[in-house]
Amino acid sequence: MFHLRATPESALVDVPVHIRATGLPPSEVVTLVATLKDEKGLPFRSKAFYRADEYGELDLTRVPALGGDYVGVHPMGLFWSLKPEKVFRRLIKKDVMNTPFEVTLELYESVLTHVTEDVQPKAKTTVKRWYSVPGVQRMQMRKGRLRGAFFLPPGEGPFPGVIDLFGGIGGLVEFRASLLASHGFAVLALAYFNFEDLPSDLLEVDLEYFEEAANFLLAHPKIQGPGVGVVGVSKGAEIALSMVCFLKQIAAAVCINGPNTANEPSPHRYRDLLIPGAIPSPEQIRFDALGTLVFRHYMCKGLDELNQKSAIPVEKAQGQILFVVGEDDECVNSKVCAEQCLDRLRRHGKSNARILAYPGAGHLIEPPYSPLCYASWSPGFPSPLLWGGKTEAHAAAQEHAWAEVQKFLRQNLTGTKSKL
């Protein structure tokens, strides 16, 4: 009799799942299918073909996939190779506190290239993937100008404080903040445009707004000072870099696939200082074969004389900087940008930054086992944006980077070694 087991059945989304099957005919080739429905009910699916051993057993930590959406020994391949049924859709968890994503795993006899309703699985099971652990508190942030969501871990603290920033999609994105809070960080997921009464468009990056956020964290009795960290991706990485350069409260900045200039249409302002937006290169925009927009060389093809005044003065940073870059990023030439920052630091006699570069990784480097989003729609654009990435390499980058980001934040915000 076929049995399919996945453990743990319920855990954080960044915890690996051990998938095993027993009771199969010896050396039988079977198909494993994973299905997840997002919060709008739209499905994401993946599949892989496996051969049982001579005892009729299958253990994904040991047995290679023979084909399907990936090949080789990848225990979490069914999760990170999930693809949307509706193209150009990104998987984003919105309700991070009350509901998990549920992933249904099904086992079918033989090789099935297409699963239809008239074919019933021989075994199935469901796993729950959470974005917060019991005891995490979420508080809506409406203090002065600040808008966002503040997450506190369970326990007395004090906790290292982190500001979490996403990019050009605007609004409030919470899934990374709640997950970091589940690992012991007090995190403010900060909205900065297109949310509630904030401006609908980001016409200027007012660094005093982000300074208010840092001061809020440092004034909280459960935050461990004397500094806080910031994690940003894309536009959020651009802002994070500017924050660590101008705000003395920022002790550590993680910049995931961002430029090294202020970019149009949003110059950066801090008190009386203005960094003008870099003049883009519209001729560098192209469409790929899928009709998606490729911006890789639009914002950062190397700082020419025209855009020197738009460069973020990284040499002013007192805190530590970790650049996380995907070398297959099709939105920003993020590796070149990071290398230019390191070169500028060296020329000023400083060494407070390093690069984690991942060949084959795309723009949207997210927590482990998240499906690769190769391209998706983004507000304000007439076509989907190409983010890039090769599925297997991107998955490996996400897993490695997540551990490194947490270690970096702990070392620079608490002065202690990571216990990951």
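## Strand S12

Strand S12 is mostly covered, with seven of its seven residues buried; buried means under 20% relative accessible area, exposed over 50% and partly exposed in between (1.4 Å probe, protein chains only). This is a predicted model, in which local features need pLDDT of at least 70, side-chain atom pairs count only at pLDDT 80 or more, and totals for chains, interfaces and linings use all residues. Residues are numbered from 1 along each chain as its sequence is written, and side-chain values use heavy atoms, with hydrogens and water left out.

Leu146, Gly148, Phe150 and Leu152 point one way from S12, while Arg147, Ala149 and Phe151 point the other way, and all are buried. Strands here are DSSP runs of E with at least two residues, helices are runs of H or I with at least four, and both are numbered from the N terminus.

## Partners of S12

S12 (residues 146-152) runs antiparallel to S11, and seven bridges join the two. Two strands count as paired if DSSP finds at least two bridges between them. Methionine 141 stands opposite glycine 148 in S12, and glutamine 140 has alanine 149 in S12 as its bridge partner. S11 and S12 form a hairpin with two residues between them. In that turn, glycine 144 has a positive phi of about 60 degrees.

S12 is also joined to strand S14 (residues 186-191), by five bridges in an antiparallel run. Here phenylalanine 151 has valine 187 in S14 as its bridge partner.

## The eight-stranded sheet

These strands belong to an open sheet of eight, in the order S11-S12-S14-S13-S16-S17-S22-S23, with mixed pairing. Its edge strands are S11 (137-143) and S23 (353-358), each of which pairs on one side only. Neighbouring strands of this sheet are turned by 20 degrees against each other on average, direction ignored. Axes are lines fitted to C-alpha atoms, for helices over the stretch in contact, and angles run from 0 to 180 degrees between N-to-C directions.

Helix H4 (residues 235-246) lies across strands S13 (159-165), S16 (223-233), S17 (250-256) and S22 (320-326), and runs at about 155 degrees to S17. Helix H6 (residues 391-413) packs on the sheet as well, touching S13, S16, S17, S22 and S23. The direction of H6 makes about 170 degrees with that of S17. Contact means heavy atoms within 4.5 Å.

## The three-stranded sheet

An open sheet of three strands has the order S15-S18-S19, also with mixed pairing. Strands S15 (205-206) and S19 (273-275) are its edges, each pairing on one side only. S15 pairs with strand S18 (residues 268-270) in the parallel sense over two bridges, and valine 205 stands opposite histidine 268 in S18. Helix H4 packs on this sheet too, touching S15, S18 and S19, and its direction makes about 30 degrees with that of S18.

## Pockets and cavities

Grid points are joined across faces, edges and corners, and a volume is the space filled by probe spheres set on the points. The largest pocket holds about 750 Å³. Of its 33 lining residues, Gly167, Gly168, Phe193, Lys235 and Phe381 are the closest to its centre. The lining comprises 18 nonpolar, 10 polar and five charged residues, where Ala, Val, Leu, Ile, Met, Phe, Trp, Tyr, Cys and Pro count as nonpolar, Asp, Glu, Lys and Arg as charged, and the others, Gly among them, as polar.

The second largest pocket holds about 620 Å³. It is lined by 21 residues, with Lys40, Arg89, Arg90, Ile92 and Lys94 closest to its centre. Its lining has eight nonpolar, four polar and nine charged residues. There are five cavities of 30 Å³ or more, and the largest cavity has a volume of about 200 Å³. Of the 20 residues lining the largest cavity, Leu91, Tyr131, Tyr369, Ser370 and Pro371 lie nearest its centre.

## Threonine 125

Threonine 125 is in strand S10 (residues 123-130) and is buried, with a relative accessible area of 15%. Leaving aside neighbours within four places in sequence, threonine 125 is in contact with Leu4, Ala6, Val103, Thr104 and Leu105.

Notes. On a 1 Å grid over the protein atoms alone, a cavity is a set of points where a 1.4 Å probe fits but cannot get out, and a pocket is an open set with protein on both sides within 12 Å along at least five of seven lines; lining residues have an atom within 4 Å of a point.
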